[in-house]
Amino acid sequence: MKDLSSAEDQELVRAAQGGDMPAFEELVARHRDKLYARAYTMMRNEEEAIDLTQEAWVKGWQRLGQFHGESSFGTWMTRIVINLCLDQLRKQKRQRTESLDEINEESGGVERQMPVVTVNPTAGLERVELRQRIDRALGQMSYEHRTVLVLHEFEEMEYKQIAKEMKCSIGTVMSRLFYARRKLAALLADLRKGDTQ
Amino acid sequence: MMDYQQQLDLQAYLDGELSEAKARRVAAWLAQDAEAAALAIELRQTRSAVTGYEKEIRLPESREFYWSKIQREIQRQERAEPNAERLPEWLKVIRRLLMPATAMAMVAFIAVMVGRQPTGIPSETALTDTGAMTYRDFEKGATLVWLSYPADNEFADYEAAMFE
Amino acid sequence: MRPKLNAVGWAGLMVCLLAFAGEGQAQAAVLKLEAQLVWGTDDSKPPAGKNYQPVQPELKKKLKDLPLKWSNYFEVNRKSLEVKAGETRKEPMSDKCEILVKHLDNSDLEVSLIGKGKEVMKRRQSLPRGEILVLGGNAPNATAWLVILRQAE
């Protein structure tokens, strides 16, 4: 294949399935930011996100024969990286005890009693600033809540699919998503309050 | 005041997860309930705030450096298992299943020979992943295991059943 | 004809004999446990018609030291279990839920909670004398259920 940069993903995938490594490298270059962004959002750690995405690419190469175009190549790779992140997060969870905040998240039912946030969290903010605030807010959540938010808001998965990925019930997905959204709203509102003080 | 189930129904309605009939009921309720309407606005604004969040994130390594590590690992694995690709799928599955079993058998054998339980239990191990979270106070000798709410459809009933 | 064993063989035989001896001792050990079903609430009284008593002050203090936010804890039920090493005991805590305890070794346990016939949780836990294991979850109306397991006094 002569001009890789102008080839469609489908052509590159076909070539890579035939063992064309430069074609696969072009696919990596095209989708690396998106995959890294997803891993970083879930893991909250640059180094881990880089390692996990590289592992995902190696697995992607090994499993190319299983990709038949049911989804886009980017979506297929994103699912591989999400599963690697979930495995890593579960392993980390088993190896540590939870912080008090994380226990309180699950045990308090506090999201039901949070006052509704009436200030639009995005009003008047530059894009970069908003991203930084969301970054901070996501970093303050437990991995379960952050993950369900990522899978629903960014991956656009239905509750049923999220439940399958996270190996929990649909009810758990709903309550975690609700908590995550309400906590995010409250955190963004707090950050805004910090502006004016 | 909204109860928790109503709040979840509202969220499900906004997410397009309800059946048509239930969605109509929630929409009707939403049109009349100011508290519900305020919560709906908050949920919509939060969703809109996170849209596009990931678009700004860039991998902090050059193309060549990042790719070189991937390529090296692919080549290393292919050198380690040169015939892997040629094995039929069913044989790869059996090999994957047998290898851990063999390792476990070895561990069990050695453990029995030295007179210990083969499991090597750490002091706390969750065996069923229900989304439980653990807090341990070593000083006070207390362990709390909290199951997510609701942990499971059957379990949601179970919670009420505890006190029946 | 007498079997001949070299040094390695004798060492192996000693290890096996010791292992079986240890096994025998472990089999004899019985662990006496107490399991309490407790209701956590901010209400000052149990529900109408229920005669639940507040938990003992010593237990209430232990629960307060954990990240649990309720003001009051009432005992719904209390059961005693005696489990020999290697055995499993099942004890109903209410009409629809049970606790299963397998005594692995010394004070190592495998604890399962069964709700309406379905296992909702299983974990392995070391539970030395004086320590407590608290299993819990949310209950209706912002209350909590807790199952507290410890060695009996």
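The model is predicted, so local features need pLDDT of at least 70 and side-chain atom pairs count only at pLDDT 80 or more, while totals for chains, interfaces and linings use all residues. Residues are numbered from 1 along each chain as its sequence is written, and chains are lettered from A and ligands numbered from 1 in the order in which they are written.

Chain A has nine helices and zero strands. Here helices (H or I, at least four residues) and strands (E, at least two) are DSSP runs, numbered from the N terminus. Along the sequence the pattern of chain A is therefore written α-α-α-α-α-α-α-α-α. Of the 197 residues in this chain, 44% count as buried. A residue is buried if 20 or more other C-beta atoms lie within 10 Å of its own, exposed if 12 or fewer, and partly exposed in between, with C-beta atoms placed from the backbone.

In α1(A), residues 9-17, the residues L12(A), V13(A) and A16(A) are buried. They cover an arc of only 100° around the axis, so they sit on the same side of α1(A). The arc is that of the directions from the helix axis to the C-beta atoms. An α-helix has 3.6 residues a turn, so residues three or four places apart point the same way.

G18(A) has its C-alpha atom 9.1 Å from that of G65(A), although the two residues are 47 apart along the chain. G65(A) belongs to the loop between α3 (46-62) and α4 (73-94) of chain A. With 9 other C-beta atoms within 10 Å, G65(A) is exposed.

Next comes a pair of packed helices. Such a pair is described by the angle between the two axes and the distance between the axes. Helix α2 (residues 21-43) and helix α7 (residues 143-154) of chain A pack at an angle of about 150°, and their axes are 9 Å apart. Axes are lines fitted to C-alpha atoms, for helices over the stretch in contact, and angles run from 0 to 180 degrees between N-to-C directions. That angle makes α2(A) and α7(A) roughly antiparallel to each other; angles under 35 degrees count as roughly parallel, over 145 as roughly antiparallel, 65 to 115 as roughly perpendicular and the rest as oblique.

From α2(A) the contact uses R38(A), T41(A) and M42(A), and from α7(A) it uses R146(A), T147(A), V150(A) and F154(A). Two residues are in contact if their C-beta atoms, placed from the backbone, lie within 7 Å. The residues of this contact are three nonpolar, two polar and two charged. In this division Ala, Val, Leu, Ile, Met, Phe, Trp, Tyr, Cys and Pro count as nonpolar, Asp, Glu, Lys and Arg as charged, and the others, Gly among them, as polar.

L151(A) is also found in α7(A), and it is buried, with 24 other C-beta atoms within 10 Å. Setting aside neighbours within four places in sequence, L151(A) is in contact with M157(A), I162(A) and E165(A). The C-alpha atoms of L151(A) and M166(A) are 9.6 Å apart, and the two residues are 15 apart along the chain.

V148(A), with sequence neighbours within four places again left aside, is in contact with I162(A), M166(A), V173(A), R176(A), L177(A) and A180(A). V148(A) is one of the residues with the most contacts inside the largest nonpolar core, together with A39(A), V81(A) and V173(A). This core has 62 residues, and α9(A), residues 170-196, gives the most to it, with 11 residues. A nonpolar core is a set of buried Ala, Val, Leu, Ile, Met, Phe, Trp, Tyr and Cys residues joined through C-beta atoms within 7 Å. Another core, of 42 residues, lies apart from it, with L63(C) and F74(C) among its residues.

E156(A), in the loop between α7 and α8 (159-166), has a phi near 55° and is exposed, with 9 other C-beta atoms within 10 Å. K167(A), in the loop between α8 and α9, also has a phi near 55° and counts as exposed, with 12 C-beta neighbours inside 10 Å. Most residues other than glycine have a negative phi.

As for the other chains, chain B has six helices and three strands, and 24% of its 164 residues count as buried. Chain C has two helices and nine strands, and 31% of its 153 residues are buried.
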